[in-house]
Amino acid sequence: MYFEFFVQNDQCQSTDSASRWMKISEGDWNRYNVQLNKGNNVLYWRTTAYAVLGNTLKPVLLRNVAISGVAYTSECFHCKPGTYSAKPGSARCTPCPVDSYSNKGATTCRECENNKYSEAGSGSCKARPACANSDYFYTHTPCDSRGQTQLMYKWIEPKICSESVYGAVKLPASGQKRTCPPCNPGFYVTNSSGCEPCPDGSYSSGIACDKCPAGTEPVVNFEYKWWNKIPGNMKTSVFHREYSYSDRSTGWEVAGEYIYTVPSDQDSDFVMLSLQVPGYRLPQSMARDSGSTELSRITFVFETKCTAECSLFFMAGNNHLINDVVEQWSGSNGKQSYSYLIQSNSTSSFTWAFRHTKRYNPVGNYTADVAKIYSVHITNVIGGVASQCRQCALGSSSSPSACVPCPPGHYMVDGTGVCKSCPQNTFVRAEQPVGKAACVPCGPNTHNNKGRSACASDCTLDVQTRGQLLHYDFSALANVTAFQSSPRFTSKGLRYFTHFHLGLCGKEGRELAACVDNVTEVQKEVKGYACQSTVVPSEIRGQGVVSSQPFVIGDTLVGVTTETSLNSISSLERSFPIESSLPDVIFYYRSSETTQACKQGRSTSVRLRCDPTVAAKDQITLPSKCSEGTCDGCSFHFLWRSQHACPLCTKNHYREIVSACIQGIQRTTFVWQQPLECYGGESLPAQKVSACVTLDFWLKFGVSTGTVAAALLIGLSCYFWKKTRKLQYKYSKLVMSSGDKECELPAADSCAIMEGEDAEDDLIYLTKKSFFTKIKSFSRERTSDGFDSVPLKSSASALLKNEDDFDES
């Protein structure tokens with residue numbers, strides 16, 4: 001509820017004031033003074049309410065408006081019926097008490113007749129109805145020395161029914177004795193059958209106290225499940241909408257196994273039950289660090305039975321006068337349990353408020369409607385008692401009773417008090433249960449923090465895709481980023497936004513995302529990876545925005561992956577269609593705080609998309625179909641476009657362009673591959689300049705080399721042709737020298753050419769002949785028998801002649 005007061009002149013112009021936002025308090029009247037200007041002044045009181053799960057908030061009450069310095073007044077106003085003024089000209093009228101009435105302008109109140117009644121401030125009396133079973137309630141007396149309690153019946157005060165009317169119900173007889181219920185856990189029964197808390201270092205189930213064994217520690221808390229009397233730190237009262245609180249009425253009564261509501265004067269009254277807590281402290285074995293957010297937890301079991309539109313509210317705050325609605329239940333609800341996480345020591349008060357109907361009705365038509373609370377359990381309370389002992393690491397042999405917690409990253413073996421190390425990349429649950437189940441594996445691409453109590457991400461990631469390894473670095477996006485939804489408007493036209501704070505990743509000890517409430521005096525603040533609050537911009541220049549209703553939507557990092565779902569958390573892929581070949585990197589978070597609508601807690605997915613054209617770091621968009629980032633109030637989805645969401649650039653992201661050789665110089669230029677899908681990393685290499693040889697040189701060199709090679713080839717051909725002819729001649733000579741011996745070749749002493757033979761052969765071979773003569777002689781060399789005829793030299797003829805002479809002789 002926002003409450004404003006401002007002044008306008010006759011031209012509808014607002015005058016300057018220190019603050020137009022009024023502080024809201026419950027139970028106390030605040031005074032506010034403002035200086036009016038000359039002329040006409042129009043005073044405005046305006047309230048703006050935001051419904052919390054359909055809850056209708058309490059109204060703002062104005063008791064008195066006094067304006068001094070007016071020009072004149074024509075007459076005094078008479079007191080309205082139900083009020084009176086003892087002295088003429090009084091500043092205010094006094095309401096008539098119960099069972100009395102007054103007419104307009106009365107100076108005293110008249111009492112109602114015996115068979116009639118009236119509420120406070122009534123202008124007439126009504127006939128008393130017949131008493132019914134709903135007009136009385138029962139309670140228990142404290143236990144006596146014999147361990148017994150008496151059942152007492154009492155009329156609901158103020159009593160408006162009549163026992164003398166026909167059909168009226170009589171009040172049952174009181175005094176019936178019953179055995180007292182046992183003491184609550186952590187208490188023991190005294191000799192006088194009373195209940196006292198167990199001393200430090202001991203525990204009990206409600207009968208006797210026992211010391212915690214070695215290697216354990218007491219689990220300190222408040223646990224109420226037996227209701228013989230209202231505990232000392234609880235208070236019951238009735239809130240009348242017209243006249244604030246009234247401590248004279250009792251709203252809740254004990255009934256052994258539960259505490260229940262009793263009817264109030266009016267059906268629209270709030271029947272309150274408040275519980276005060278001195279503070280919270282984590283036990284020694286639950287070392288708190290930046291990754292652990294659960295300081296305490298309150299759990300209660302309740303039930304409502306209603307015939308109409310009754311409501312049960314659960315509120316938490318700094319005290320019973322200043323608190324916020326946490327959850328609301330309407331109509332009849334079966335027996336069920338509800339838990340609420342306490343993250344700050346500033347939350348020291350819890351209130352249960354029951355209302356029969358939200359409509360003003362002076363007659364009790366719904367007195368049969370009732371709310372029951374069976375048990376209330378709060379953990380880690382300072383000054384609390386223990387119902388059990390938790391195992392922890394054993395100390396040294398010199399002090400066997402000392403309890404030492406396991407080191408970070410260790411769990412306790414069942415029933416031994418011995419600590420063992422958890423596997424790598426796991427963290428230990430905050431409550432540190434016994435057994436290896438205490439070691440919880442970290443999600444993908446995350447690692448455990450230094451205290452081994454949660455998983456974190458150092459903003460770096462490696463992704464294997466399309467056959468290549470991509471390296472990501474989101475350090476530039478690690479700082480806490482604030483963004484908001486599109487503006488929305490109330491039915492009265494007041495504009496407001498849904499504001500988000502996001503701390504994507506980072507090292508231990510980083511700054512957490514925080515959302516605050518700067519409207520109430522509590523100044524509530526919540527922290528985590530992601531949080532949400534409602535922001536109303538101020539219309540006065542120089543004043544900041546108004547922020548309220550903060551809550552965490554992600555306090556635990558589940559994992560970082562490119563998959564569209566992880567641990568039952570899904571990302572809205574249809575709302576954010578893929579636009580490039582690169583996959584989106586998704587951060588998944590979960591909030592451990594549960595509500596009636598979100599029984600598994602809230603979850604958040606942040607989809608990082610590479611966009612080199614976006615230089616801003618905070619371009620975050622919401623789903624088009626869910627303007628506030630969520631469609632069901634439990635799952636939140638965001639798309640973050642940024643150039644810092646691109647993989648780091650490598651050599652694969654650029655190519656080289658080689659220019660032609662110009663005047664002996666060749667240039668190599670490097671350009672990015674298009675479309676560009678990287679950022680940072682390796683920078684683009686500078687242009688390279690190298691010496692080269694032109695094409696004319698190589699052409700000349702090739703022609704020269706070809707010419708020389710052709711000449712050399714011709715010379716070699718001629719040489720080998722000559723050698724072949726010489727060998728042919730020598731072969732013919734050898735054949736002729738074989739004589740008449742057929743089939744026998746002369747036996748040569750050596751295949752080598754004899755000395756002086758070359759000259760002779762060359763002489764015959766080199767005999768000058770014409771080309772045609774050589775052709776003709778060649779055709780005649782072959783005889784009819786197929787053998788070649790070889791002309792003999794002159795030396796051979798001489799040899800034949802000598803042989804003839806020898807025969808003659």
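Guide: In this predicted model, V70 has a relative accessible area of 53%; because exposed means over 50%, V70 counts as exposed. V70 sits in the loop that runs between β2 (42–48) and β3 (83–84). Together with W45, L62, V65 and I67, V70 makes up a nonpolar surface patch, and the accessible area of these residues together is about 470 Å².

Strand β9 (residues 136–140) pairs with strand β10 (residues 148–155) in the antiparallel sense, over five bridges, and H140 has L151 in β10 as its bridge partner. Strands of a sheet pair through backbone hydrogen bonds, either parallel or antiparallel.

C131 and C161 are joined with an S to S distance of 2.1 Å. The torsion about their S-S bond is about 85 degrees, so this disulfide is right-handed. Since C131 belongs to the loop between β8 (126–127) and β9, and C161 to the loop between β10 and β11, the pair ties together parts that are 30 residues apart in sequence. Buried means under 20% relative accessible area; C131, at 2%, is therefore buried, and so is C161, at 6%.

A further disulfide joins C183 to C195, with the sulfur atoms 2.0 Å apart; its torsion of -90 degrees about the S-S bond makes the link left-handed. C183 is in the loop between β11 and β12 (187–189) and C195 is in strand β13 (residues 195–197), so this pair ties together parts that are 12 residues apart in sequence. C183 is buried at 3% relative accessibility, whereas C195, at 37%, is partly exposed.

C198 and C209 are likewise bonded, S to S 1.9 Å, and a torsion of about -85 degrees means that this disulfide is left-handed. Here the loop between β13 and β14 (202–204), which holds C198, is tied to strand β15 (residues 209–211), which holds C209, so the linked parts are 11 residues apart in sequence. C198 is buried at 10% relative accessible area, while C209 is partly exposed at 26%. These links are among the 16 disulfides found in the whole structure.

Key. Residues are numbered from 1 along each chain as its sequence is written. This is a predicted model: local features need pLDDT of at least 70, side-chain atom pairs count only at pLDDT 80 or more; totals for chains, interfaces and linings use all residues. Side-chain values use heavy atoms; hydrogens and water are left out. Patches are made of residues with over 30% relative accessible area and no salt bridge: like charges are joined within 9 Å, nonpolar side chains (Val, Leu, Ile, Met, Phe, Trp, Tyr) within 5 Å. Accessible areas come from the Shrake-Rupley method with a 1.4 Å probe; for residues, only the protein chains shown count as cover. A salt bridge is a side-chain nitrogen of Lys or Arg within 4 Å of a carboxyl oxygen of Asp or Glu. Helices (H or I, at least four residues) and strands (E, at least two) are DSSP runs, numbered from the N terminus. Buried means under 20% relative accessible area, exposed over 50%, partly exposed in between (1.4 Å probe, protein chains only). Two strands pair if DSSP finds at least two bridges between them. A disulfide is a pair of cysteine sulfur atoms within 2.5 Å.
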